[in-house]
Amino acid sequence: MTDMPLLALDQVELVLGSTSRYRAELLRRIAPHFRQATPDVDETPQPGEAPAALARRLAQAKAQAVAKMHPGALVIGSDQVAGLGAAILGKPGTAARAIRQLQASSANAVRFYTGLCLIDARREPFIARHALDITDVQFRPLTRPEIERYVEREQPLDCAGAFKSEGLGISLFEHIRSDDPSALVGLPLIALCRLLREAGIAVL
């Protein structure tokens, strides 16, 4: 907690450093008023970079990029990386890639790392607070026709791992293990509420 007086969330300028509709929908659960901004960040993994390190680095880079454009605001950066063994599963972009990703995930465990960074740009120097959520998803054995029908119906082309857990994608799993059910969708709200409290902001 800082030495600043406790403020209500609607008394501060809140900026989500993402244009993702999924993250925006999640943030609306706790913050009725915020702006979205596009972070100009290269998301290419560095050579040998582990999925957890990549998620942390990109979350901070996105928050920092947006904070420079919005001094005086609280800026949220988040990034999610899916790991299947040593391989990183990115956003498929096409139906063919989505099908290949889900075939690889079938009957396997995929670990999702969701990095979170809250930058307090209300004064210099900026203060950054961090969190990392780890969610394990066990996929059930999937047939090729099941995968094709799923991809055709839900079009999860902009989702890491090629599924939407908040939708029909839930039918692909045997179980999910996580401390925060919102993290798998892209923004860990439990951790975000904690970081806001540490910044002197009352969500309630």
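Colleague: In what kind of crossing does H3 pass H4?

Modeller: The crossing of H3 with H4 is right-handed, a term for a near helix turned clockwise from the far one by less than a right angle. This is a predicted model, in which local features need pLDDT of at least 70, side-chain atom pairs count only at pLDDT 80 or more, and totals for chains, interfaces and linings use all residues. Residues are numbered from 1 along each chain as its sequence is written, and side-chain values use heavy atoms, with hydrogens and water left out.

Colleague: At what angle do the axes of helix H3 and helix H4 cross?

Modeller: The axes of H3 (residues 95-105) and H4 (residues 144-154) come within 10 Å and cross at roughly 135°.

Colleague: Which residues of H3 and H4 meet?

Modeller: From H3, Ala 95, Ala 98, Ile 99, Leu 102 and Gln 103 meet Arg 144, Ile 147, Glu 148, Tyr 150 and Val 151 of H4, where contact means heavy atoms within 4.5 Å. This contact has seven nonpolar, one polar and two charged residues.

Colleague: What lines the largest cavity?

Modeller: Leu 9, Asp 10, Leu 14, Ala 31, Pro 32 and His 33 line the largest cavity, whose volume is about 40 Å³. On a 1 Å grid, a cavity is a set of points where a 1.4 Å probe fits but cannot get out, and lining residues have an atom within 4 Å of a point. Four of these lining residues are nonpolar, one is polar and one is charged.

Colleague: Which residues lie nearest the centre of the largest pocket?

Modeller: Arg 23, Gln 80, Lys 91, Asp 158 and Ala 160 do, out of 28 lining residues. The pocket is an open set with protein on both sides within 12 Å along at least five of seven lines, and about 470 Å³ of space lies in the largest one.

Technical notes. Axes fitted to C-alpha atoms, helices over the stretch in contact; angles between N-to-C directions. Helix = DSSP H or I, 4+ residues; strand = E, 2+ residues; numbered from the N terminus. Nonpolar A, V, L, I, M, F, W, Y, C, P; charged D, E, K, R; others polar. Points joined across faces, edges and corners; volume = space filled by probe spheres on them.
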